[in-house]
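This report looks at how two chains meet and at one residue inside one of them. Keep the sequence and the structure in view while reading.

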Amino acid sequence: MSSLKKILLEPRACLVTAKRFRGKINIQRPRLPHFERQLLLDLSKPKYGPPKYTLPDFLLCDRGEKKNKTEIDNPFERILARECLEWFNTSKMIVFLHVNPITMEDKTPVYAALNKNKMYLRTYGKKIVSLATKGTRYEVVNELFTSHQNIIFGQPENAAKMFKILKKAPQLVVMAGVVQDRLLSKNELLEFSQLPTLDLARSKLCQVLDSAGSGLVSQLNRSQQILVSHLDKHVEQQNSSIEKNEKQES
Amino acid sequence: MSIPYSGTIRRSKGVVSAIGKQLKAVNLKAAKKITIKFDPFGENATHTRNFAHYISAPKIAITNPNCSVKTEVLCDRSEPTVEITLLPAIAATAKIQKVTLRSENLTCLEILQLLNKHISSLAPVELPPTTLQTKSDKKKTKTK
């Protein structure tokens with residue numbers, strides 16, 4: 001054991017002296033501190049000046065010098081900005097709303113209804129959005145972020161449903177939107193939502209293209225069709241007259 | 001030669017408290033409808049948007065539950081406006097039917113001050129409700 005003690009470092013045993021044992025602490029008659037201790041206490045006392053509201057204006061004047069606010073890099077803000085930019089890039093339809101005061105009681109059903117239709121109502125602040133969109137093609141959007149606003153991320157097919165859902169919350173006001181990398185105003189968004197689906201539009205286009213050829217064909221065949229219809233009528237008349245004669249004879 | 005003191009005794013606490021003071025004084029009893037129109041891409045829409053946010057608050061709506069506040073978004077870069085339609089009874093007495101504030105060059109505080117000047121001042125004064133006295137209270141007043 002003694003050989004082990006020689007090899008290993010001996011930890012210093014701390015001196016433990018009991019200060020109090022169940023007794024009352026003395027605060028009524030404290031002992032005067034030692035001179036050096038008192039010196040240190042006096043030196044370390046905080047010094048407060050007079051309150052600012054009692055001072056005259058000339059002492060409070062900062063001569064127009066603005067303190068340069070050093071922008072501290074906040075990693076959480078960077079993470080949020082990255083998330084915001086991902087939302088911007090992955091959703092083909094982005095709608096910006098102006099928000100008037102609304103209780104969560106009123107907002108939650110709107111949020112739920114939008115979620116059911118694969119649209120996501122999110123709130124990002126001015127700083128986060130400016131961090132996210134700086135240097136990207138969405139930079140123009142920063143102009144909208146001057147008051148209180150929310151963003152809806154979704155797909156363009158659900159634009160009409162979105163307007164229908166937002167009718168129930170008049171506190172959420174549509175300002176503008178970005179659909180397939182194109183900035184649209186409110187009226188343009190409304191028009192876009194009222195457009196027919198792409199398949200319908202394609203079928204209409206096919207119809208229009210077909211109509212030219214089918215019109216020409218019908219025009220070419222018109223005279224023959226008229227002749228055929230006249231002949232049919234003539235045959236019918238003749239048949240009816242023959243039947244009448246036969247009836248009269250019988 | 002000392003110049004005698006002139007000015008406020010108390011310092012103002014800033015724009016935000018001034019706005020708060022104006023909001024406390026807002027009374028929409030004379031208004032039938034308030035329409036706030038702004039273009040979000042316009043240069044000076046911020047103050048109008050902030051005004052719309054403050055005036056749509058439930059505390060201010062309580063002053064007149066029948067007054068509807070509508071926010072409209074314009075797309076033609078026209079200037080932001082605040083239109084207040086008065087109740088017909090008050091319009092008849094005050095000979096004003098509509099108050100339009102062109103808020104392109106007005107701050108939020110100024111819009112609120114004008115609103116208080118033109119609308120809150122027209123609000124009908126409410127008489128305090130007559131309280132019923134209990135028998136014991138009447139006896140006490142008699143003995144006094």
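Across the interface of chain B and chain A, the rule finds seven residue pairs in polar contact, both residues at pLDDT 80 or more. A polar contact is a pair of N or O atoms within 3.5 Å; within protein, one must be able to donate a hydrogen and the other to accept it, and residues adjacent in sequence count only if both atoms are side-chain atoms. The model is predicted: local features need pLDDT of at least 70, side-chain atom pairs count only at pLDDT 80 or more, and totals for chains, interfaces and linings use all residues. Residues are numbered from 1 along each chain as its sequence is written, and side-chain values use heavy atoms, without hydrogens and water.

On the side of chain B that touches chain A, α2(B) supplies the largest share, five residues. Helices (H or I, at least four residues) and strands (E, at least two) are DSSP runs, numbered from the N terminus. The residues of this side can be sorted by class.

| Class | Residues on the side of chain B |
|---|---|
| Nonpolar (Ala, Val, Leu, Ile, Met, Phe, Trp, Tyr, Cys, Pro) | eight residues |
| Polar (the others, Gly among them) | five residues |
| Charged (Asp, Glu, Lys, Arg) | two residues |

In contact terms (heavy atoms within 4.5 Å), 15 residues of chain B meet 20 residues of chain A.

Within chain A, A:I151 belongs to strand β3, residues 149-154. Leaving aside neighbours within four places in sequence, its contacts include A:I94, A:F96 and A:F145.

Definitions and conventions:
Chains are lettered from A and ligands numbered from 1 in the order in which they are written.
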